[in-house]
Amino acid sequence: MNRRNLLKTISISLGATVISTEVIAKLANDSFLYTSRPNLLHKPLGKAITAITIGAGNRGTVYGNFAAKFPDQLDIIGVAEPNEFRNDRYTKQHQIADKYRFKTWEDVFKQPKFADAVIISTPDDLHYAPCMKALEMGYDVLLEKPIAPTEKECRAILSLAKKKGRIVAVCHVLRYAPYFVKMRDLITQGAIGEIVSVQHFEPIEHTHMAHSFVRGNWHNAKQTTPIILAKSCHDLDIIKWIINKSSQKIAAMGDLKWFKKENAPAGSTARCTDGCKVERECPYSAIKEYYEKRKRLGVLDLPEDKTKHPEVIMERLKTTNYGRCVYRMENDQPDHYITSIQFADSVTASFSMEAFTSYHGRRTRIMGTMGDMVGDMEELVVSDFRTGKSVKFIPKAEDVDGYKNSGHGGGDWLLVKDFVQAVGQQNASILTSTIDESIESHIMGFMAEESRRTGKIMDIKI
C-alpha cells in the first residue's frame, strides 16, 4: 500500500483526523509502523557546528557520539572533564587539540570564545555556573536536564539567555521521541476531541533505582537535585507538552520507604564484597548486577581491553559506591512519588514514579471527549468513540548506544540534530525544548517537592 492510501485508511479509521507523521507500513488491519516526521525547517549547513563538551560522562558521550557519526553536522573541538580516564577517551575519539583540553569548566572560559556552542553534561549541581558563563561569552548552549538545582537559578539562566539573545536547548529528549511526537500530533489534530485528563506512569525498575538513586550520582537530593527533577522532570515536561495548557496547581506525596538501614537483612555487610551472607539472594547484589550480568558498566570507567574487565569491575566494587550495600548508603531520594496537577480549562493529570517494578518504560493514558489513547512507548492505541474503531501506531525509533531501551524513545540524537540546525541558522524555533518552553515543567517539579515536604497544595506561578 502506498503512503497516500495508508493515510486515507488511517483517516477513515480516525474520522476526520489527518496524520502528518511519516507512515512506513501497514502491519495489519488498523496497525501501522511509522517514524518521526522530518523537521521542515532544516536546511543544508555550509559547515559543521563546533562545540565544547563540559562533562564527558554518559550524557556527554551520547552527544559526542552524534558528532562522531555526523562530523559534517557537529564537530567537538574541546572538552572539560576532571576524570582523567574520561578526558583521555573523549579527546581521542574527537581528536581534540591539547590546547582545548581542560580539567574544569572554569578553564574553558579563561580562553577567548573558540566554538559556536557549549554542551553542558556535568552533574546537576554544576549546570548553573558554566551555563551562565557560556551565555555571558556568547555561546549557544545544549543544557542537560535539570536546568539547575533551584528555581531562582533556572529563572536566572532564562533571563540571561533572553538578554544575550542566545539559544539554550534543554535536553528534554522525550519531546523528540517519535512516540510522543505522534501522541501530540494526534491530540492537536483532534483525534480524541478535547483532553480531559492524563494518567502518566514512570516505572524506574528496581535495579535502575538502586544503581542511579541509591548508589549512584543522584542518591542524595541535597548534593544534586530531588528525584522529581533528576529523574522525572522528563515526565512532568511531557505531560505539560501533551496537554499544551498552563499548569496551575500541584500536590505531591512520596517518601523513602525501603532503602534504609533498618531494612538491612541480618548477615548483610557494608559492601557486597565483604562476605555478605545474603548477597546471593539479594535482588540488589552489586556482584550479580555489575560483575556477573555486566550491566550499567559505563560508570565504572573500564579499560578498552575486555580481558581486564573482571579484575577492574571487582576492584571498583571494593572501592566505589557501586559496591556498597543499598541499605547503608547516604541516600535520601524517595522510592515512590505521586503528583496530581491542575491545568487550565479544568484539565487534570496524575503522575506516578515507582522504583519497585520489574520493568521500565513510560506508560500513558489520555482521556478525551471523543476518544482515548493508551500507550507504553512500544505502541500507541487510539480509540475513537464516534466510530468505535481503534488504531495502533508502532514507532520506529533508533536508540543510541548506551541508551537502548532506556525510555528515551530515540529522542537523544533527534534533539541534537535540531540543536545543530538551530545554532547553524540562529533560529531557536527549530527546537521544541528551548529554555522558554522547558522552564514551566521545572517549576512544576520544584512546587511538587515543596508540596511533598509540607503537605500543601502549591500554586504554580510561571
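User: A nonpolar core is a set of buried Ala, Val, Leu, Ile, Met, Phe, Trp, Tyr and Cys residues joined through side-chain atoms within 4.5 Å. Which residues touch the most other members of the largest nonpolar core?

Analyst: Happy to start there: this is a predicted model, in which local features need pLDDT of at least 70 and side-chain atom pairs count only at pLDDT 80 or more, while totals for chains, interfaces and linings use all residues. Residues are numbered from 1 along each chain as its sequence is written, and side-chain values use heavy atoms, with hydrogens and water left out. Buried here means under 20% relative accessible area, exposed means over 50%, and partly exposed lies in between (1.4 Å probe, protein chains only). The largest nonpolar core has 123 residues, and those touching the most other members are Leu 74, Ile 157, Phe 180, Met 183, Ile 366 and Met 373.

User: Which residues is Ile 157 in contact with, leaving aside its neighbours within four places in sequence?

Analyst: Ile 157 is one of the residues that touch the most other members of the largest core. Contact means heavy atoms within 4.5 Å. With neighbours within four places set aside, the contacts of Ile 157 are Tyr 128, Cys 131, Met 132, Leu 135, Leu 143, Ile 147, Ala 148 and Ile 435.

User: Where does Pro 146 lie, and what is the omega of the peptide bond from Lys 145?

Analyst: Helices (H or I, at least four residues) and strands (E, at least two) are DSSP runs, numbered from the N terminus. Pro 146 sits in the loop that joins β7 (140-143) and α6 (151-164). The bond from Lys 145 to Pro 146 is cis, with omega near -10°.

User: How many residues of helix α10 are buried?

Analyst: Helix α10 covers residues 233-243 and is largely enclosed by the rest of the structure. Just after α10, Asn 244 takes a positive phi of about 60°. The buried count for α10 is 11 of the 11 residues.

User: Which residues lie closest to the centre of the largest cavity?

Analyst: On a 1 Å grid over the protein atoms alone, a cavity is a set of points where a 1.4 Å probe fits but cannot get out, a pocket is an open set with protein on both sides within 12 Å along at least five of seven lines, and lining residues have an atom within 4 Å of a point. Grid points are joined across faces, edges and corners, and a volume is the space filled by probe spheres set on the points. The whole structure has 2 cavities of 30 Å³ or more, and the largest holds about 90 Å³. Of its 15 lining residues, the closest to the centre are Ser 268, Cys 272, Cys 276, Cys 282 and Cys 325.

User: Which element gives the largest share of the lining of the second largest cavity?

Analyst: This cavity has a volume of about 50 Å³, and its lining includes Thr 207, His 211, Tyr 284 and Glu 289. Two elements give two or more residues to that lining, α8 (206-214) and α11 (286-292). The largest share, 3 residues, comes from α8.

User: How many nonpolar, polar and charged residues line the second largest pocket?

Analyst: The volume of this pocket is about 500 Å³, and among its 20 lining residues Arg 37, Asn 39, Tyr 176, Asp 418 and Thr 432 lie nearest the centre. Helices α7 (178-188) and α13 (411-425) each supply at least two residues of the lining. For the classes, Ala, Val, Leu, Ile, Met, Phe, Trp, Tyr, Cys and Pro count as nonpolar, Asp, Glu, Lys and Arg as charged, and the others, Gly among them, as polar. The lining has 8 nonpolar, 5 polar and 7 charged residues.

User: Is Thr 53 buried or exposed?

Analyst: Thr 53 lies in strand β3 (residues 49-54). Beyond its neighbours within four places in sequence, its contacts include Gly 60, Ile 76, Tyr 90 and Ser 121. Because its relative accessibility is 0%, Thr 53 counts as buried.

User: What relative accessibility does Asp 345 have?

Analyst: Asp 345 is in the loop between β11 (336-343) and β12 (348-354). Its phi is near 60°, a positive value in a residue other than glycine. Asp 345 counts as exposed, because its relative accessibility is 59%.
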